[in-house]
Amino acid sequence: MSVLTEEQTILKDQVSNWVRDEASVTRFRQMRDSNPDFGFESGTWNSICDLGLAGLLIPEAYGGSGMDFKTLGVVLEQLGRGLTASPLVASGVVGASAVLLGGSEDQKRQWLPRIASGEVVATLAVDEKARHGPEYTALAASREESGFLLKGGKCFVPEGMAANLLIVAARTGGQPGDHGGITLFLVDGEATGVERTRLSLVDHRGHADIEFSDVVVSDGNILGTVDQGFELLDKVLDRGRAALSAEMLGIGAEAFDRTLEYLKTREQFGQMIGSFQALGHRAATHFMDMEFARSSVEGALEGIDLGSEDLAKLCSLAKCQVGDFLYNMSNDMIQMHGGIGMTDEFDAGFFLKRARVAEATYGNRAFHLDRYIATEGI
Amino acid sequence: MSDLSAFRAEVRTWLQENFPPSLQNKPPSNQAGRGAKFEGDMETWRLRLGEKGWSTPTWPVEYGGGGLSDKQAKVLREEMRAAGAFNPIGGFGTAMFGPTLLDVATEEQKKRYLPPIIRGDVHWCQGYSEPGAGSDLASLQSFAEDRGDYFVINGSKIWTSGAKEADWMYGIFRTDKSKKYEGISFICLDMKSEGVEVKPIMLISGQSPFNEVFFTDVVVPKENLIGEKNKGWAIGKHLLLHERQGIAGSGAMGATAYGLVEAARDYIGMNGDRLADGALRERIARQKMMAHAFSQTARRFTSEAAVHGPSPAIGILKVAWAKMNQDREELMIEIMGSRGLAWKGEEFNDEELGHVRSWLRSKANSIEGGSNEVNLNLVAKRVLGLKGY
């Protein structure tokens with residue numbers, strides 16, 4: 001890990017201790033078993049807000065602590081290690097970034113303090129098909145006398161069950177596939193015509209499909225400029241991609257540590273199984289992949305903080321690198337643990353399942369590989 | 001910050017006064033210290049930069065180095081790049097032997113060996129591998145017999161790059177046959193000594209960058225011993241950390257001007273705004289991303305090493321670098337199709353002929369400087385703490 005500031009080190013220790021004591025994988029298992037409607041425990045979310053993490057990116061003027069993405073990454077890595085289920089990425093990163101980057105002063109004053117306190121859970125509703133593709137937004141927003149009427153469906157909305165502020169990408173012009181003609185709207189989760197269906201996915205988190213049936217949105221709830229929303233959407237998504245990559249790094253790092261520990265304790269043929277080169281070399285290779293993923297994740301987070309011109313490239317690189325690492329590590333966690341890894345009683349399956357859902361969220365590796373190489377002009 | 005700005009101004013002025021404009025963006029194909037002999041403006045530039053010590057910017061001033069901080073060295077690199085300037089001095093001396101001397105040598109040895117390395121006056125080669133000692137390097141047999149005031153060396157070294165042109169060799173030699181690791185010493189010798197014979201090795205690429213070096217009763221003064229007698233293994237290993245660190249610092253290594261994307265456009269062509277071959281497009285993307293992540297990691301490791309010293313985790317960079325380089329070379333000749341398999345002839349252009357040779361050369365990347373298998377063993381043992389390696 002690159003050298004941390006004193007502030008980052010203190011925060012890292014604080015969050016790491018909290019995850020160990022209050023939000024470990026054991027707590028995730030309890031959440032899975034009790035199956036709350038929102039896909040996370042309200043107590044866990046309240047503690048995250050009490051720690052000030054929901055407003056970490058939000059400037060002090062709007063009730064947050066105004067820290068940078070590099071610091072956020074330190075926090076998310078620790079939460080990833082505990083598989084901690086919460087709307088922090090969806091709301092505190094993606095939701096907050098959307099309002100910060102696209103909001104008017106009024107909108108910022110209205111929403112940011114409540115996102116920071118955790119009173120409002122915000123989320124971005126973008127996907128409409130199984131494959132992520134923001135420019136294929138088709139959900140119709142038609143002009144009314146004062147505002148717009150939304151009609152259509154969104155799928156795989158992260159924290160879609162808990163969210164009371166929906167940031168909806170809709171089409172106000174052009175055709176699905178066009179960058180032009182996309183507009184972002186702030187939609188009250190309780191608005192008439194909003195209907196959610198809980199998606200029970202393998203990671204037991206709170207995803208939802210959301211149907212919009214003639215939902216009225218006033219002009220005051222347009223986020224950014226009408227028809228010009230794609231660039232904002234892409235910027236917001238990139239912040240989500242970088243943040244989720246940091247969480248994925250934590251998931252993979254924990255899977256790596258647990259597997260390495262097993263290689264050092266499990267004996268077969270009268271010796272530790274880690275002494276066999278077939279396993280030791282694979283562990284060393286996972287370590288290499290983890291280090292590369294870490295560099296790319298830090299590169300993306302720093303890129304956001306420094307306002308890099310290459311941000312799209314850096315974020316796609318991060319999601320791909322950490323995606324490769326986590327894919328291989330989550331598979332090998334089970335393989336290296338042998339039969340016990342296949343049991344529900346053991347935690348390895350949780351890592352595998354969360355890994356795949358995070359992989360599909362905000363664009364999988366195939367999406368980001370294509371996006372990365374497109375910047376090279378081929 | 002203001003100190004750095006002042007330094008930046010100083011560098012800029014110095015470059016204006018000393019870097020010959022005729023050399024702008026024309027780095028030599030080979031560096032002084034790697035066997036290159038210069039004349040004209042290039043020689044002038046070598047002498048000026050070497051005299052200033054900026055060929056080795058962070059080395060101490062008392063041995064002729066630049067004495068710069070890491071931040072100043074970064075400024076120097078930035079200003080050199082901006083001015084189209086380059087470092088004409090390099091090789092084993094600046095990359096590995098010099099840093100090792102700074103860590104372990106006596107004051108007298110530092111004063112003797114470092115200044116010519118900094119100026120690029122002396123070309124060093126490295127005597128490590130032997131026919132019977134490759135991955136198991138410590139089983140080396142070349143024997144330096146202690147005769148009081150001097151050693152007498154008999155035996156041979158193999159895979160010695162640049163030995164044909166080298167002035168001096170540093171290497172590890174057996175000084176006690178009864179012990180393996182504790183019977184090895186780190187010794188320097190003049191390649192012009194009587195009894196040293198160099199034979200080039202022809203490789204699958206048709207080139208001979210490596211040599212065998214034979215020693216027959218070669219007399220070496222005792223003052224050429226670095227560190228204590230029979231304690232050279234630790235020094236030899238320490239030097240390899242600098243070698244891997246050197247690889248870490250060479251993120252752009254192998255990134256030639258004619259890149260994969262350009263080649264893909266030339267040899268495959270486009271279908272609209274996408275490469276016509278989707279499968280190769282994906283592989284080029286993976287290769288570009290690997291190279292990007294490699295340079296991010298190399299940069300991160302370099303800045304961490306500046307605080308904590310070389311780490312054994314650097315071994316993974318060597319493995320990754322070998323894979324990256326080999327994959328890139330394979331991909332390049334595959335993109336070129338049948339034109340990427342040329343051995344010789346005027347029908348083929350320089351890129352085609354060159355990439356076939358560098359593709360073949362790259363097969364050594366996962367063997368030289370510690371094979372992939374040895375590096376993975378080292379990481380398993382020293383970084384992951386696994387037993388049995």
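**Domain and chain interfaces in the predicted model**

Domain 1 of chain A and domain 3 of chain A bury about 2,300 Å² between them, 67% of it on carbon and sulfur atoms; buried area is the accessible area (1.4 Å probe) that two parts lose on being put together, summed over both. Arg29(A), Phe69(A) and Arg81(A) supply 26% of the area that domain 1 of chain A buries against domain 3 of chain A, more than any other three residues. The structure is a predicted model, in which local features need pLDDT of at least 70 and side-chain atom pairs count only at pLDDT 80 or more, while totals for chains, interfaces and linings use all residues. Residues are numbered from 1 along each chain as its sequence is written, chains are lettered from A and ligands numbered from 1 in the order in which they are written, and side-chain values use heavy atoms, with hydrogens and water left out.

Chain A is assigned domain 1 (6-121), domain 2 (123-227) and domain 3 (231-374), the bounds coming from an automatic or database domain assignment. The C-alpha centres of domain 1 of chain A and domain 3 of chain A are 21 Å apart. Contact (heavy atoms within 4.5 Å) involves 22 residues of domain 1 of chain A and 29 residues of domain 3 of chain A. Seven salt bridges are found across this interface, a salt bridge being a side-chain nitrogen of Lys or Arg within 4 Å of a carboxyl oxygen of Asp or Glu. A salt bridge also joins the side chains of Arg32(A) and Asp344(A), at 3.0 Å from N to O. On the side of domain 1 of chain A that touches domain 3 of chain A, two or more residues each come from α2 (25-34), α4 (69-81) and α5 (88-102) of chain A; helices (H or I, at least four residues) and strands (E, at least two) are DSSP runs, numbered from the N terminus.

Between the chains, 39 residues of chain A are in contact with 40 residues of chain B. The area buried by chain A and chain B is about 3,200 Å², with 66% on carbon and sulfur atoms. Of the area that chain A buries against chain B, 23% is supplied by Phe292(A), Leu369(A) and Ile378(A), more than by any other three residues. Four salt bridges are counted between chain A and chain B. The side chains of Arg281(B) and Asp370(A) form a salt bridge with an N to O distance of 2.8 Å. At least two residues of the side of chain A that touches chain B come from each of α7 (229-265), α8 (277-306), α9 (311-337) and α11 (365-374) of chain A. The most is given by α8(A), with 15 residues.

In chain B, the assignment gives domain 1 (2-119), domain 2 (124-232) and domain 3 (249-383). The C-alpha centres of domain 2 of chain B and domain 3 of chain B are separated by 31 Å. Six residues of domain 2 of chain B contact seven residues of domain 3 of chain B, and about 580 Å² is buried between these two domains, 65% of it on carbon and sulfur atoms. Ser135(B), Ile204(B) and Ser205(B) lose the most area on the side of domain 2 of chain B, together 61% of what that side buries. Zero salt bridges are counted between domain 2 of chain B and domain 3 of chain B.
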